[in-house]
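Good morning, everyone. Please have a look at the model on the screen before I start.

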Amino acid sequence: MTSTEFTTVDSAAAFVPAPATPYQGDIARYWNNEARPVNLRLGDVDGLYHHHYGIGDVDHAALGDADDSEHEKKLITELHRLESAQAEVLLDHLGSIGPDDTLVDAGCGRGGSMVMAHQRFGCKVEGVTLSAKQADFANQRADELRIQDHVRARVCNMLDMPFETGQAAGSWNNESSMYVDLHDLFSEHSRVLEVGGRYVTITGCWNPRYGQPSKWVSQINAHFECNIHSRREYLRAMADNRLVPQAIVDLTPATLPYWELRATSSLVTGIEEAFINSYKDGSFQYVLIAADRV
Ligand SMILES: C[S@@+](CC[C@H](N)C(=O)[O-])C[C@H]1O[C@@H](n2cnc3c(N)ncnc32)[C@H](O)[C@@H]1O
Ligand SMILES: CC(C)=CCC/C(C)=C/COP(=O)(O)OP(=O)(O)O
Ligand SMILES: [Mg+2]
């Protein structure tokens, strides 16, 4: 076998299943083509590549003066620090996970959260994404870190995961639940989680108190080809699928500093205004929900 054949066989792209729906085909294409500097340059800071947003206060001392020649580099490092802080908070809510446990990252992107989970708990982490490019990227990072026996991404639909019933001690969606029907999603998490297992999501959701999705929420949906759900829909779909919330944390005030900082950077993508305005007018919320599988 030539080295080229090895590359093909080892690549997640060699095993790409047909998309379950035309929409999922669109989403696979979207993430296969994604290469925004706001994601790649932040990931280059320490090799943890995220496709989620940040939380926490900005460290203005670390940023230095705006006319400092290193300012942009410091700003990128700071945005990345806030994105990793977000993943740490998600992992904090998984409860006690041991090295013999398996975790499932549903919609794992380039795998940054999976690496962090393995580094924290020593456990196995299985990720799924629709994008072969993302799965290859995540698996290459795992190889480079020599944790490929514990961290693995594959191309598959999170609504139909190749894991056994009750196999996972914990599972999560980090900004990936707005691509699927929530009843279907929580039914599948409920299946793969052991009884007593923990599910965690961090997500943007529209606020039922606002009434309907605001124009900013509609703009975010159009930008990412996703379908943001309401907070009420999350709670209802969990209740219908044996997932009992133990913590509901409104992270909206904690994520605003990230967005306000990002809006000043050279890496803006044009979606910053929609996030800032919808968080400020109360139509959109950044929320963590941790639930027990009962
Ligand atoms: C915004 S990214 C989040 C990535 C990752 N959770 C993170 O925090 O970096 C959304 C991810 O959801 C995945 N996704 C969307 N719909 C999916 C589905 N039906 N099955 C599996 N993955 C899906 C995409 O492929 C992408 O990896
Ligand atoms: C909170 C909500 C509604 C999220 C939608 C899902 C999404 C696209 C998350 C960030 O991905 P990214 O890191 O690739 O986006 P960006 O390029 O804007 O940083
Ligand atoms: Mg990003």
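Residues are numbered from 1 along each chain as its sequence is written, and chains are lettered from A and ligands numbered from 1 in the order in which they are written.

Confidence comes up at the start. pLDDT is the predictor's confidence in each residue, from 0 to 100. The protein has an average pLDDT of 95, and 96% of its residues score at least 70. Residues 1-9 are below 50, and beyond near neighbours in sequence that stretch has 3 contacts in the model. A contact here is two residues whose C-beta atoms, placed from the backbone, lie within 7 Å. Where pLDDT is low, the predicted coordinates should not be read in detail. For the model, ipTM is 0.99 and pTM is 0.96.

Now the overall build. The protein has 12 helices and 7 strands; helices (H or I, at least four residues) and strands (E, at least two) are DSSP runs, numbered from the N terminus. Its radius of gyration is 19 Å, close to the 19 Å that the globule rule gives for 294 residues, so the protein is as compact as a globular protein of that length. That radius is taken over C-alpha atoms, and the rule is 2.2 Å times the number of residues to the power 0.38. Along the principal axes, the C-alpha trace spans about 55 × 50 × 40 Å.

How much of the protein counts as buried? The figure is 44% of the 294 residues. Buried means that 20 or more other C-beta atoms lie within 10 Å of a residue's own, exposed means 12 or fewer, and partly exposed is in between, with C-beta atoms placed from the backbone. Among contacts between residues at least 6 apart in sequence, 78% join residues at least 24 apart.

Next, helix α7, residues 132-144. Its 13 residues should span 18 Å at 1.5 Å a residue, and the end C-alpha atoms are 18 Å apart, which agrees. The expected span is 1.5 Å times one less than the number of residues. Its buried residues include K133, D136 and R141. Among the elements covering the buried residues of α7 are α2, α6, β2 and β3.

Just after α7 comes R146, in the loop between α7 and β3. R146 is not a glycine, yet its phi is positive, near 60 degrees. R146 is exposed, with 8 other C-beta atoms within 10 Å. R242, also not a glycine, has a positive phi of about 60 degrees. R242 sits in the loop between α10 and β6, and is partly exposed, with 17 other C-beta atoms within 10 Å.

Last, the ligands. A residue is near a ligand if its C-beta atom, placed from the backbone, lies within 6 Å of it. Which residues come nearest to ligand 1? Of the 24 around it, they are G107, G109, N174, S176 and Y179. The largest share of that shell, 3 residues, comes from α2. The shell divides into 9 nonpolar, 14 polar and 1 charged. Nonpolar covers Ala, Val, Leu, Ile, Met, Phe, Trp, Tyr, Cys and Pro; charged covers Asp, Glu, Lys and Arg; the others, Gly among them, are polar.

Ligand 2 has 14 residues around it, the closest being R36, H51, E175, G204 and F224. α3 and α9 are the elements giving two or more residues to that shell.

Methods. Predicted model: local features only at pLDDT ≥ 70, side-chain atom pairs only at ≥ 80, totals over all residues.
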